[in-house]
Amino acid sequence: MTESLEPSTSSSSSPPKQTLTYLHPRREPFEHGLIPIPKLIFTDGTQTLAPLKDKLLLNSTSDSSTHRVNSEVIADVLQISIDHARLVIDTIASVLDSDPIDEVGGGVDVYDLVLFLYIQSFKRLVPKGHKDSAAVADVWPSNSAFDGFLSALSPLQLVRSNSRRFIPSQADEEAHQLSYLQRHMGNIISLLADSVEGEEGEGQDSLVLTMEKFEHLGFLIYFGEKGSERKPLSQNAPFFANSDPDMPDVPVPVSQVHDWLLQNISSALAHISERVSSKENGPTSAPDQDVPMADVSDAATVKASTSARGPSFIEGISKSSYVKQASDLKGSSVKVVNCHESIIYILAPLRYATVYGCSDATVVLGAIGKAVRIEHCERVHVIAAAKRICIANCRECVFFLGVNQRPLIVGDNHKLQVAPYNTFYSQLAEHMSEVGVEATINRWDEPVALGVVDPHDSLSHPAGVSDVQAESATRLDPDQFTNFLIPNWFAGESSGSTKDNPFPLPDVYMASQQRNHKNLGDIKQLLRETQLEDSRKRELSSALHHQEISGSFTACKAIKLRCGGFDEYKNT
């Protein structure tokens, strides 16, 4: 049995108060960095990847510290299309902690690319099945021949169960990612290592790792706890921690690095197990609660929690409006989970955002500088200003996008629509500038559809389905397009320079927007002039207000028809 080993210990000015610093997987590569392209998935460890790495290095441009390859080299070496090669580079940029991508040449570091390719063999944790699966089976309509195989977790099953018990917890996911790294760390390190000159041995005994190559592991792991700053990975390693920056670093045997990492992974897994066990056996504590909006109904189940290390969660919102500003969120990512029949506003500059298992809702995402992922949603409107977005396993959703990269569509999707960005709030331009989203570039109407089967899930799939391409998205009819109004709840508390949609609209959508704006003005004038009972006027005013908030063309037309007696408007 493996002996229990202590994790690395962070230095402190007060020795008696030394704090244990545990190793953690970086969630971003596992959550936003997996692409369902079969030619990128290598299941034979280093057997194929090692020669590919050598070929990439041979074709790279190098300086004193880096070896970089562009999309043409990647396409040639990996035998993929140039579009897929660019997608690889964009995806790596979206999950790097920093962003050292060469914008002019489109280059990426070879060792970051190799680590990215290696983890394409990762399979996500299988969602836990509902204890009453027969009872929820009739809730989700069978519109797809692949139902039961691909849509393992439907949003309507979520709303029926009213619970997140069968969605993997953050602790479950972290342990799953650590276990993967534990199994594969030997291969991963060997791909970064150099052979010892003059040695003929095989395996780890003939390989060494420099501090520079060791730092590349920061793509996958880091040390730290809540509220702590992330330091260079080598500062946590005893064999590099005291290196003289003015002297060349001394390479370390791979076996020594491997043993040290395995001991820290084991300690981290034990720590997660203890933490989960204490939560299950100890007194339950409610997550941080946020005061809901004034118009939030009593039916809402408000659950919000934040962590300086992990993402902020917004979950279980039902039949409500709910808003989060930058001051309400800690960390740089947010997850909106299991929300239904609600409007969720995330008006903040963030790096990552995930919307999972929601239905009949509108989700407004502020400026997202790295990546957005929308998964297992039904009849959801998503309004997002972001660098990139990935849509997976969604149905009857509409996406109003201001995105700098082509939207990625994967999995079992049905009846998706895309449209240009359609809203603003006072600080939007400042938030976009802060996270690097450009208003002059909007590729909302250039979706890329990959396979209907995601090889990174752990589900079984019918034979022959792996080659089927995912259903892409269609453009929203311009007649259905109008502005979405974000109420200015905090007019006296925050100021910004944004007075209009920062993304230019295509002419056909601009004309539709102006036409619908005129229709609203006409309706308001009709309402003022019409002789109606007060109760009827209040009903129509309320419906009109809802239309202004939701931006629904159908609602606008319905209000006209409900005014009664105005035949000239009934055919508009």
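Q: Which residues of H2 are buried?
A: In this predicted model, the buried residues of H2 are Leu49, Leu52, Lys53 and Leu56.

Q: Why do they line one face of the helix?
A: Viewed down the axis of H2, the buried residues fall within an arc of 110°, so they line one face. An α-helix has 3.6 residues a turn, so residues three or four places apart point the same way.

Q: And what do those buried residues pack against?
A: They pack against strand S3, helix H3 (71-78), helix H5 (110-118) and helix H8 (170-192).

Q: Which exposed residues does the face turned away carry?
A: That face of H2 carries Gln47 and Leu58.

Q: What span should H2 have?
A: Helix H2 covers residues 46-58, and at 1.5 Å a residue its 13 residues should span 18 Å. Its end C-alpha atoms are 18 Å apart, which agrees.

Q: Now the sheet: in what order do the strands come?
A: The order is S2-S3-S4, in an open sheet with antiparallel pairing. Strands S2 (61-62) and S4 (108-109) stand at the edges with a single partner strand each, so one side of each has no neighbour in the sheet.

Q: How many bridges join S2 to S3?
A: Two bridges join S2 to S3 (residues 67-69). Ser62 has His67 as its bridge partner in S3.

Q: Changing topic, how many disulfides are there?
A: The structure has zero disulfides. For Cys390, the nearest cysteine sulfur is that of Cys394, 9.1 Å away. For Cys394, the nearest is that of Cys397, 4.7 Å away.

Q: Is Cys394 buried or exposed?
A: Cys394 is buried, with a relative accessible area of 0%. Cys390 is buried too, at 10%.

Note on methods:
Residues are numbered from 1 along each chain as its sequence is written. This is a predicted model: local features need pLDDT of at least 70, side-chain atom pairs count only at pLDDT 80 or more; totals for chains, interfaces and linings use all residues. Side-chain values use heavy atoms; hydrogens and water are left out. Two strands pair if DSSP finds at least two bridges between them. Helices (H or I, at least four residues) and strands (E, at least two) are DSSP runs, numbered from the N terminus. The expected span of a helix is 1.5 Å times one less than its number of residues. Buried means under 20% relative accessible area, exposed over 50%, partly exposed in between (1.4 Å probe, protein chains only). The arc is that of the directions from the helix axis to the C-beta atoms. Contact means heavy atoms within 4.5 Å. A disulfide is a pair of cysteine sulfur atoms within 2.5 Å.
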